[in-house]
Structure formats: C-alpha cells, structure tokens
Amino acid sequence: MSSSEPVASRPDRSPQAAHTWLMLSLTFSTGISDGVAYFGLGGTFTGNMTGNVLLLGIGLAPGTALAVLGPSLAVAGFTVGAALAGRALRDEVGAWPRRTTWLLAAVAGTLLVLGAVVVTLDPVPRPAQVSATTVAATAMGMQAAVARRVAVKDVNTVVVTSTLTALASQPLSGADHTAGALRRFLAVVLLLVGALLGAWTVLARPGLGFVLAGLVVAFVTAAGERRTHRG
C-alpha cells in the first residue's frame, strides 16, 4: 500500500510544478518585451506598470521634459488588457481553463504580428514607437491577468518587487522554503536575462525582440494546453 502513496500524490504536485515553469517562462518573455520597449522604443515599459507610473509622475513635474504620452497609453493599454482577460476568466473553473489557452494565444499572436510590423520600420518613428508599446502593454495586461489566475506564488510574470522582498525576508530552512527561494531567484534572473536579450536585439532590429517574446508565449500556450487538457 505504501508503494502506491507517492503515485497518488503526484497529480496534486505536478500541475503546480508545471505551472511554475510556465509562469517563469512568461516572466522571461516580459523581460524581453520590456527590454525592447524601454531601450528601443522611447523609454516606456510594456509590463512593468510601476515603472510607467513613476515615469509618468516624473514627467508631469515642471521642467523635467520627460515624455508622458507613452507611459500614459501603456498604463491604459495594460489596464484594458487585464480587464478583458479578467472578465473572460471570471466564470471559469480551475487554474488553467480553456480560455487561458486562448488568451495566451492572443498574447503570442499580438507580439508576433507586432514584431513583424516593427521589423519593417527602420528607424521606428515616434508615433509608431508609442503605438507599439501600447499594443504590447495591452498584451502584457492580458498575460498578467492570466498569471494571476494560474496563481504561482511570487511569480506574477511582470514585476519582481514583491518577489525580491519575499526572497530576502523569508528563511531558507526546510525543503519548501528552499524551493520557494529558488523559484523567486529564477523569476528575478529570468526577468533580468530577458531584458538583456531584448535590449540586445534592438541593436539588430527592435521588432526581433517582440517576435522572440511571442515565440516564448506561444511555447507556454502549447505546453500549458497539452499539460492541462491532453494529459
């Protein structure tokens, strides 16, 4: 009887473990998108709304001459995307309902199409920069709402402030705490590496980063759908 107990416990742990890696992958894609947008498209974030709110506040101060249109539209787009995804998931059951797959597919498609369009522009004019970051921020809002539904602790895919706080303040004793610390550490590192990669792609073509981010989200979409609905 005892030999069957580990097998019986696997279905409870495995989905959460799979979701953790999928959300960490989305964190990586957010880093890419933000690296492209901030470094190559006018200094606006697509996923980090804390940064945009701060940029907006600084820009509103007299004499700063910091652009406020980009951050304003990015915050608005992110809010709209999160609201749409939240409404779509409101009556769904489970951590990864079928609509989660469709929403992430929409995020992936948006980033891929956006990247393809931006690649054709060299240089990217200011109106196109603002439009691109707004569209990408809307997609990131949808992604963040999906991540909130999947609910992997400390991995919301768009910011790591609370993740860093938990990493620094919680003890490391015990297997659960060690696993949690590793999860938080990876979230921070993957966001950093994603931003590095996104900024690097700008040196070639800004749109390439969006394409890469879209491919990562597409992989997460397919993996999550297969893991949840196809066994």
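Good morning. The structure is a predicted model, in which local features need pLDDT of at least 70 and side-chain atom pairs count only at pLDDT 80 or more, while totals for chains, interfaces and linings use all residues. Residues are numbered from 1 along each chain as its sequence is written, and side-chain values use heavy atoms, with hydrogens and water left out.

I begin with helix H2, residues 49-60. Helices here are DSSP runs of H or I with at least four residues, numbered from the N terminus. H2 has 12 residues and reaches 16 Å from its first C-alpha to its last, close to the 16 Å expected at 1.5 Å a residue; the expected span is 1.5 Å times one less than the number of residues. Which residues of H2 are buried? They are Met49, Gly51, Asn52, Leu55 and Gly59. Buried means under 20% relative accessible area, exposed over 50%, and partly exposed in between, with a 1.4 Å probe and protein chains only.

Helix H4, residues 98-119, has 22 residues, which should span 32 Å at 1.5 Å a residue; the end C-alpha atoms are 32 Å apart, which agrees. Its buried residues include Leu103, Leu104, Val107 and Leu111.

I turn to a pair of helices. The axes of H3 (residues 69-89) and H5 (residues 126-150) come within 7 Å and cross at roughly 35°. Axes are lines fitted to C-alpha atoms, for helices over the stretch in contact, and angles run from 0 to 180 degrees between N-to-C directions. The residues of this contact divide into 14 nonpolar, 7 polar and 2 charged. Nonpolar covers Ala, Val, Leu, Ile, Met, Phe, Trp, Tyr, Cys and Pro; charged covers Asp, Glu, Lys and Arg; the others, Gly among them, are polar.

Leu73 lies in H3 and, at 34% relative accessibility, counts as partly exposed. Leaving aside neighbours within four places in sequence, Leu73 is in contact (heavy atoms within 4.5 Å) with Val130 and Thr134. Leu73 and Asn52 are 21 residues apart in sequence and 9.7 Å apart in space, C-alpha to C-alpha.

Not counting residues up to four places away in sequence, Ser29 touches Gln143, Ala213, Val216 and Val217.

Note on methods: Helix = DSSP H or I, 4+ residues; strand = E, 2+ residues; numbered from the N terminus.
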